[in-house]
Amino acid sequence: VTAYHGLMDIGKPEEGETVVVSGAAGAVGSLVVQLAKISKCRVVAIAGSDQKCAWVKSLGADVALNYKASDFRSAMKSACPSGVDVYFENVGGSSAEAVFPLLNDFARVVACGMIAHYEADGGMAAGNPLALYSPQIVIKRIHIQGFICTDIIPKFPVIIGKLVGLVMKGKLKYKMDEVVGVENSIKALAGIFQGNNMGKRVIRMSEQPAVMPMRQFLMLKARPFVVGAFAAVTAGFLAKSRKK
């Protein structure tokens, strides 16, 4: 839902445009990459290792760049010869510093996260690229919008239905990055901030789940339907509760 709403409703990609995605190997970023390709855009993905870049390329990214590489900024410029029309921001930091100078007039920046700044010395504003490039934001008339998923609870059933349809057609792939054992949950969560995950980080309570038949069922193609149906019912209930 985060990936779809952020890209399609805020980023509003058009065919032939260049979309850059930071944190492209994460749960949200990896879906954004695929949705942008489905929208017939040129996709430049940013990730934190060569292994992650290879995986993102397999999802359809036209170019995948390791932001830790010494030539990252020059490589980003070469990868976007026509500039950047949509920037899906999950990270901030060096990724944003390389992308902001390349933004075209009327570019759209989807501010989904700034994980590089959450624990920065001096607070979230330390090294914030929005402050560094504020003159360009004005001159280029760049649209920047943040969002949280509770803003779109009424849209959950529709969005989930579209995503489930894409999964069932084989047009959208997802990856579960499992960590086994509830005792490892804190370490697993911290690993997200350190960039240790690929895809959706989840905690498996134990190596041998109590109900194997149910787990096996959920691992089949029916799982997206089950998850989608549950999420849709939950979203509908929450939407009605908010109206009251």
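The model is predicted, so local features need pLDDT of at least 70 and side-chain atom pairs count only at pLDDT 80 or more, while totals for chains, interfaces and linings use all residues. Residues are numbered from 1 along each chain as its sequence is written, and side-chain values use heavy atoms, leaving out hydrogens and water.

Met114 sits in the loop between S5 and helix H6 (129-132). Its C-alpha atom is separated by 5.5 Å from that of Asn90, 24 residues apart along the chain.

Now for the whole chain. Its secondary structure comes to eleven helices and eight strands; these are DSSP runs numbered from the N terminus, with helices (H or I) of at least four residues and strands (E) of at least two. Of the 244 residues, 42% are buried.

Six strands form an open sheet with parallel pairing, in the order S3-S2-S1-S4-S5-S6. Two strands pair if DSSP finds at least two bridges between them. Strand S3 (63-66) and strand S6 (143-146) stand at the edges with a single partner strand each, so one side of each is left without a neighbour in the sheet. Between S1 (residues 18-21) and S4 (residues 84-89) there are three bridges, and Val21 stands opposite Phe88 in S4.

Contact here means heavy atoms within 4.5 Å, and angles run from 0 to 180 degrees between N-to-C directions of axes, which are lines fitted to C-alpha atoms (for helices, over the stretch in contact).

| Helix | Strands touched | Angle |
|---|---|---|
| H4 (residues 72-79) | S1, S2 (42-47), S3 | about 165° with S3 |

What about the inside? In soluble globular proteins, nonpolar side chains tend to be buried together. A nonpolar core is a set of buried Ala, Val, Leu, Ile, Met, Phe, Trp, Tyr and Cys residues joined through side-chain atoms within 4.5 Å. The largest one has 35 residues, and Leu7, Val19, Val21, Val33, Leu35 and Val56 touch the most other members. Its largest share, six residues, comes from H8. Apart from this core lies another, of 21 residues, among them Leu65, Ala98, Val109 and Ile137.

Definitions and conventions: Buried < 20%, exposed > 50% of the residue type's maximum accessible area, 1.4 Å probe, protein only.
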